[in-house]
4 protein chains.
Amino acid sequence: MPTDPLSDHTATIESLKQQMRDFISERNWEKYHTPKNLAAAASVEAAELLELFQWLTPEESSHKPINDQRFRQAVGEEIADTLMYLISLANSLDLDVASTIAAKMAKNRLKYPPEKFRGHYERPLD
Amino acid sequence: MPTDPLSDHTATIESLKQQMRDFISERNWEKYHTPKNLAAAASVEAAELLELFQWLTPEESSHKPINDQRFRQAVGEEIADTLMYLISLANSLDLDVASTIAAKMAKNRLKYPPEKFRGHYERPLD
Amino acid sequence: MPTDPLSDHTATIESLKQQMRDFISERNWEKYHTPKNLAAAASVEAAELLELFQWLTPEESSHKPINDQRFRQAVGEEIADTLMYLISLANSLDLDVASTIAAKMAKNRLKYPPEKFRGHYERPLD
Amino acid sequence: MPTDPLSDHTATIESLKQQMRDFISERNWEKYHTPKNLAAAASVEAAELLELFQWLTPEESSHKPINDQRFRQAVGEEIADTLMYLISLANSLDLDVASTIAAKMAKNRLKYPPEKFRGHYERPLD
C-alpha cells in the first residue's frame, strides 16, 4: 500500500489518466476535447512553459528554478498543464503511454548509439 | 509483481524518469539539457503533434487516429517525444510530477466548479 | 507621397524593420535579441495567438473576430507581436523578407501545382 | 518605379497580402483557411523555426546563420512560412497589418519607457 499516493515513486500513469477522465466527465467537457483541440492546448501550454525561460541565459535558466520559489511554482504549473492535456489526448485515443514511450525510446537508442553520440548531438542540417 | 512493466496500469512516473536519466547520461547529453532548452524542445515537439491535426476538421481529428494506423503511430510518437522532454525537465528541476499535477488539479477544481461549468467552458475574453 | 503611412498599401517592409530597430536600440535590448531568443519569442507569441482560437469550432473562429471587437483586437495584438519578433529576427540576420517570401512562394507553386491540388490539400502521412 | 519589386525597401505589405490571396484562390484552399487553422499553422511554423536553434548556445545561434549557408536558407524558409500564414490570417480577418503593428508599438513604448528599461527587461514573475 503506497504511503504517499501522490509521489512519482508510487503514482502510476493510469492514476493520472483516471484523474483527467473524472475531471472532464464531471464538467461534460468532452465536446471540447477533440484530439485536434487537445493537441493545440498541449502546444499552447508548452509555449507558456517556454515563455518563462525565453529571455534567460542558459545559466539563469538553471539557477532560477532553484533560487526563486515563485518561478519554480510557475514552471511546475506549466509542466502540469502540458502533461494534463497530453494525458487527456492519450485517454481520447485509448493510447497506452508507457508502452508508447518505451517503443520510442527503443527507436531513439538505435538512432543515437552512445558510442557514436557521446558528448555531442547531431543538429539538424549539420 | 507486474506482468507487463510497460503498461500504464503498472508503470510509475518514476520509471519513466529513470529511463530518461539513463538515456541522457549514457550519451553525456546533460550539457544540452538546460531547463531552457528542454522547455523549447517540449514546445517544438508539441507543435509537431499539432501539425498532424492542423488541417483536419474536428470530426476528422477524432476518426483518423482510429482508422489510420500510420497516423495513429505518428501521433503516439509525438506524444511520447513531448512527454519525454517534460519528464527530463522535471528530472533537471528535481520536481515530483504526480504531486505537482495533483496540486494543479486541485486549483482547477476550485476555478471550474462543476455546477457552474457543466457543459460549457469560459473562453478567454468572453 | 503616402497620405496614410500606416496602411498596408503604403507601408514597406523596410518601414517595419526600421521601427523595430529603433525600439530595440532605444532600450539597449540587443543583448536579449539573439536569433535563438527571437525564434523562441515568435513561437511563444504565435501560441498566444492560437490560444485565442483553441476551443472554438471552425465556424466560431470565423465569426468571432468579426462580431466581437475585444476578441478582434486581441487577435490583432497577437498577430502584431508575432510579426514584430519575426521582423526583428530578419533584422538580426540581415535578411530581406520580401525576396525570401518570393523564393518560398515560387517553391510552393512548384510543389503544389493548382491543377493537381485544386480544392484539396495533401495531408502529412496520407 | 521600383527597380527591384522584391526588396524590403520597395515591397508593400499589401503586395505580400495579394501574393497570398492569389496562391490560395488558385488552389481553392479557402475551406482549409479558417482563422483557427491559420493560427495553428503559424504556430507550427514558428516552432519549426525555433527547432533550428533549440540546441544551439546563444553564441552559436548568432554565428551559424552567418557562417552556414544551408542553415541560413532553412531559417529564411521558416521565417517566410510563418509570415505567410500570419499574412493569410490578416487577409481572412480584413486586418490592416501596418496600423495594427503601429498601435501595438505605441502601447509597448508606453509600457517600456526607455529611461526605465534601458539595458534590462522586466522578466515575468520578477
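# Exercises on a predicted four-chain model

B:Thr34 is found in the loop between H1 and H2 of chain B. Before we work with this residue, a word on the model: this is a predicted model, in which local features need pLDDT of at least 70 and side-chain atom pairs count only at pLDDT 80 or more, while totals for chains, interfaces and linings use all residues. Residues are numbered from 1 along each chain as its sequence is written, chains are lettered from A and ligands numbered from 1 in the order in which they are written, and side-chain values use heavy atoms, with hydrogens and water left out.

## Exercise 1: a loop residue

Task: Decide whether B:Thr34 is buried or exposed, and list what B:Thr34 is in contact with.

Step 1. Start with the cut-offs: buried means under 20% relative accessible area, exposed over 50%, and partly exposed in between (1.4 Å probe, protein chains only).

Step 2. B:Thr34 has 13% relative accessibility, so B:Thr34 counts as buried.

Step 3. Now look for contacts (heavy atoms within 4.5 Å). Leaving aside neighbours within four places in sequence, B:Thr34 is in contact with A:Pro58, A:Ser61 and A:Ser62.

## Exercise 2: the interface of chains A and B

Step 1. Count the residues: 76 residues of chain B are in contact with 76 residues of chain A.

Step 2. Find the buried area, which is the accessible area (1.4 Å probe) that two parts lose on being put together, summed over both. Between chain B and chain A this is about 6900 Å², and carbon and sulfur atoms give 67% of that area.

Step 3. Look for salt bridges (a side-chain nitrogen of Lys or Arg within 4 Å of a carboxyl oxygen of Asp or Glu). There are 6 salt bridges between these two chains. One of them joins A:Lys17 and B:Asp8, with the closest N and O atoms 2.6 Å apart.

Step 4. Helices H1 (13-27), H2 (35-53), H3 (58-67), H4 (69-93), H5 (97-111) and H6 (114-117) of chain B each supply at least two residues of the side that touches chain A. The largest share, 15 residues, comes from H4(B).

Step 5. Sort that side by residue type: Ala, Val, Leu, Ile, Met, Phe, Trp, Tyr, Cys and Pro count as nonpolar, Asp, Glu, Lys and Arg as charged, and the others, Gly among them, as polar. The side of chain B that touches chain A divides into 40 nonpolar, 19 polar and 17 charged residues.

## Exercise 3: the interface of chains A and C

Step 1. The contact takes 13 residues from chain A and 13 residues from chain C.

Step 2. The area buried between chain A and chain C is about 1300 Å², with carbon and sulfur atoms giving 63%. In chain A, the residues that lose the most area to chain C are A:Val44, A:Gln54 and A:Trp55, together 46% of what that side buries.

Step 3. Search for salt bridges: the rule finds 0 across the interface of chain A and chain C. Helix H2 (residues 35-53) of chain A gives the most to the side that touches chain C, with 8 residues.

Step 4. That side of chain A divides into 8 nonpolar, 3 polar and 2 charged residues.

Note on methods: Helices (H or I, at least four residues) and strands (E, at least two) are DSSP runs, numbered from the N terminus.
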